[in-house]
Every structure is written in C-alpha cells, then in structure tokens.
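Please view the sequence and the model together while reading.

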Amino acid sequence: MAIKSSGSLRLRYDIAVEVNGASSNISLRALSAAAGFSKQDAMSEFYGYSSAPPNTFGWLGRNTYFRNALQQPQSTFSAGITLMAWVKPNYPTKKNQRLFAAGGSNRTARNEIRVHYISSLNRISVEVYDNVGVRRIRRQYPLHNAPNVAITGVSNSSTGWCRAQPGNVDPTTGLAHITATWEGASFGGSYTGLKLFWRGVELTYSVNNNTSSTIATAYGNYIAVRNNAGSGASSATFDGYTDNFGVLLRALTPAEVTTVFSKGNINVENAVQSSGIDIAELAYYQGFEQNLTNEEGGATGYTLVLNGSNGAYFAYA
Amino acid sequence: MNYYLITSQSYSENQSGIISFWDNDESNLMISASSDYSYPYSQSFDTYDEMQSWIWNYDTNEWKNWDEDTEEDDPYGIDGPFPEEMDETII
C-alpha cells in the first residue's frame, strides 16, 4: 500500500515498511537509495510512494492465449494450486470463455485443472481431470443464482457474462478478480476441495458437483491463461481483457484470497508478498506490462508465450 | 480481414489463410484471409464478430461443434431447480 501523501512520516513504520521491510540499520539515505531517490534526501519525497511496480498495461485480445512452451516438473502442484487473474469479457454477447488452467499436457486434458465459463448455463466450471484425461472432480457455479449473484453481479442469465454484463468489477481498472483453488490430491476426490472466488469473496453455491474415488492430480507441466492447458485455440478461447495472472503452489485459504484481492489489480508478486504469503509459494506471475518479460517471474520458471496474434497490450486510461 | 469456414481437406490442399481454430473433430476450420480468397469454402464472414455470432447462435447450437466442453448442457437447464442428485460420485 502506498505511503500516505501528507502528515508526519516515520522512517521505520511508514517508509521502511513500504520500501524494503528493513527493521534495523534504518537510515533516510539507505531508504532513499533503495527507492531510487538521489541526494539531497528528504522525508517528503516519500509522500505517496509505492514500491509496487506500475500496473499501466494489460492484454486485450480474442483468439489469443498464453502457455509455456517448455515443460516444467509435473509434480509442481502436488500440494494443491491457486490460479488467479483479473479479467473482463469483451465479446458483445455471451459465449463460452476459457479462463486459466494447469495440466500435464498441451494436447489433452491429462492431469489438468481448468476453469471456464459455460455460456449456455451461465456458470463458471472448475474441473480436475485424471491421468487419462477423464474429468473426475467438478463444481459448477451459477453466476446468476443466489447467493452467488450478489457477489458476481451477473444477474441476467440470458444476457450472460459478456461485454454488456461484465458483473462486479474493480472501479479503477474495470476488471474482475477471479480465483480458483484446489486442495490437491491429498485432500481426496471430494468436490469440496475446489473453491471459486469473485473479487476475493467465495462463491458458495455450486451445482453439478462431482466427487471421485479416483485420485486425480494437477500436473504442472503446462499453465495457460485465456485457454485450457491441454487445448489449442478454439471458439471458446477467452475474448476480452486479462491482467496480473498468478499461480501458487498450494490452495490459498479464503482469508488469503481476500487479502491478495484487497491489494488491487497490481503485480501479483507484490500482492502476494504484501499479503504475508511466502513468495517461494508463487509459482508464476505475469503483469502484461507491454511485453511478457517486464513483469514475469515466479518460483517454477515458467516462461509463457503468446499463441495467436489477434490482440495487443492495452493501456489503462 | 474476412473469415472463411473451410474443410480440413481444402486447407491441406491449398494451405492458404491464417488458421483461427478447428472444430471438435478437426474436419472443419475457420481461417482468416483477404476478401479475394479464391479457394472453396462453405461459408464466409465479413468480421470476427459475425463469424463468432454464427457459432454462438443458441438456436442452432452450432457452438456444440466448436467447443469440446459441450457435455455441460445438463437437463436441468440454466435456472434449475437443481436436485440433490446432481451431486454424483464418479467411480
């Protein structure tokens, strides 16, 4: 959170907390240098200062998605997973929309967790597939039924989730924060191991819930945003805005999801770190800041590449 | 740029246009190409939106040929009511 823009400032409890978290050997010069300020030093330089990287751009496209080309270790998500992104559909009417996924193959649904919007039913579905690509665990969340509708704002199921009805979004950037978590194979095959959050609030009503006696595992070979991990481009590839995509190595608790969301549409590494979550648990983050390298990182080493060409980085107004 | 619905065979023979995506059984695909595209096609669309509107027409259900997640259309419909037995265990 940015330092206040007026009033008295304390070196340790206001400035150091934001700049570098130092709790000893604190000096104004060291903090100014860490923040990139040149001499002469002044406390007032820190009014409004934020250590968060800028969030100036995002991705707007259709028929374009991002996935790593080089496989990563399949055991990456053995302890569960969290997938999150800021999104908003831009197609004028409702259509199926693939949000994000992680899986064992870039050609099949093998060991995949995928999250996608089903337009004919106005639901977001969260699904886990086994090692031969059979869906085993699932929850489908109607966006327009109570109590979900109060959270999503997607109240008209005929209109659906589309440009005309994006639902409850961030007032600053106009995007909604959507998070899916799965407790992983050790939790068993119960659908209750899956959770979906809209702007940091859990959607508690789900239908078509599938529990499985077959233990499925989400492999980490591939992660994808705006598409499934194991599918190529389709008519359901996400059409709209995407920003600040993140993947974590375990299921965040509902309280943690809420806290990360409360940081706003910012760099996911910064949001996670400032939420008190170990940064080593962040497998991947992508800020879409004019290219895929300016704000890409994470513990696992994923490098996402663009598939398709029908899109561009957009600047927030 | 226009969009054309063509067969896989046509694409393999002519290799013209930019592939947008395939249908579920990969027998047809959508390509983008200029308005003077001269090879055989089943249908043409002036814009991307027009092409997607043709697919996502819920009266024709054409979309079921273009998205593999089509078995999601449960018998209780969009508004239910949803019975408890919707929750099932997959053996």
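This is a predicted model: local features need pLDDT of at least 70, side-chain atom pairs count only at pLDDT 80 or more; totals for chains, interfaces and linings use all residues.

## The sheet of chain B

In what order do the four strands of the open sheet in chain B lie? The order is β2-β3-β1-β4, and the pairing is antiparallel. The edges of this sheet are formed by β2 (18–22) and β4 (43–45) of chain B, each of which pairs on one side only. From one strand to the next, the twist averages 25°.

A helix accompanies the strands: α2 (residues 48–55) of chain B lies across β1, β3 and β4 of chain B. The angle between α2(B) and β4(B) is about 130°.

In general, strands of a sheet are held in pairs through backbone hydrogen bonds, and the pairing may be parallel or antiparallel.

## A covered strand in chain A

Strand β7 (residues 135–142) of chain A is mostly covered, with seven of its eight residues buried. Strand β6 (residues 123–129) of chain A runs antiparallel to β7(A), and seven bridges join the two. One of the residue pairs across these strands is Val126(A) with its bridge partner Arg139(A) in β7(A).

β6(A) and β7(A) form a hairpin in which five residues lie between the strands. In the turn, Gly133(A) has a positive phi of about 85°. β7(A) also pairs with strand β11 (residues 207–212) of chain A, in the antiparallel sense and over two bridges. Here Gln140(A) stands opposite Val207(A) in β11(A).

## Where the two chains meet

How many residues of chain A are in contact with chain B? There are 29 such residues in chain A, and they are in contact with 25 residues of chain B. On the side of chain A that touches chain B, the elements giving two or more residues are β5 (113–118) and β11 of chain A. The largest share comes from β11(A), with six residues. By type, the residues on this side of chain A divide into seven nonpolar, 19 polar and three charged.

β11(A) is also joined to a strand of the other chain: three bridges connect β11(A) with strand β5 (residues 88–90) of chain B, and these two strands run parallel. Among the residues involved, Thr211(A) has Thr89(B) in β5(B) as its bridge partner.

## One side of a helix

Which residues of helix α4 (residues 254–262) of chain A are buried? They are Glu256(A), Val257(A), Val260(A) and Phe261(A). These residues lie on the same side of α4(A) because they cover an arc of only 135° around the axis. The buried residues of α4(A) pack against β8 (176–182), β9 (194–198) and α5 (268–273) of chain A. Just after α4(A), Gly264(A) takes a positive phi of about 95°.

## The domains of chain A

Chain A is divided into domain 1 (11–46) and domain 2 (57–315). The centres of domain 1 and domain 2 of chain A, taken over C-alpha atoms, are separated by 37 Å.

Terms used. Residues are numbered from 1 along each chain as its sequence is written. Chains are lettered from A and ligands numbered from 1 in the order in which they are written. Two strands pair if DSSP finds at least two bridges between them. Axes are lines fitted to C-alpha atoms, for helices over the stretch in contact, and angles run from 0 to 180 degrees between N-to-C directions. Two residues are in contact if their C-beta atoms, placed from the backbone, lie within 7 Å. A residue is buried if 20 or more other C-beta atoms lie within 10 Å of its own, exposed if 12 or fewer, and partly exposed in between; C-beta atoms are placed from the backbone. Ala, Val, Leu, Ile, Met, Phe, Trp, Tyr, Cys and Pro count as nonpolar, Asp, Glu, Lys and Arg as charged, and the others, Gly among them, as polar. The arc is that of the directions from the helix axis to the C-beta atoms. Domain bounds come from an automatic or database domain assignment.
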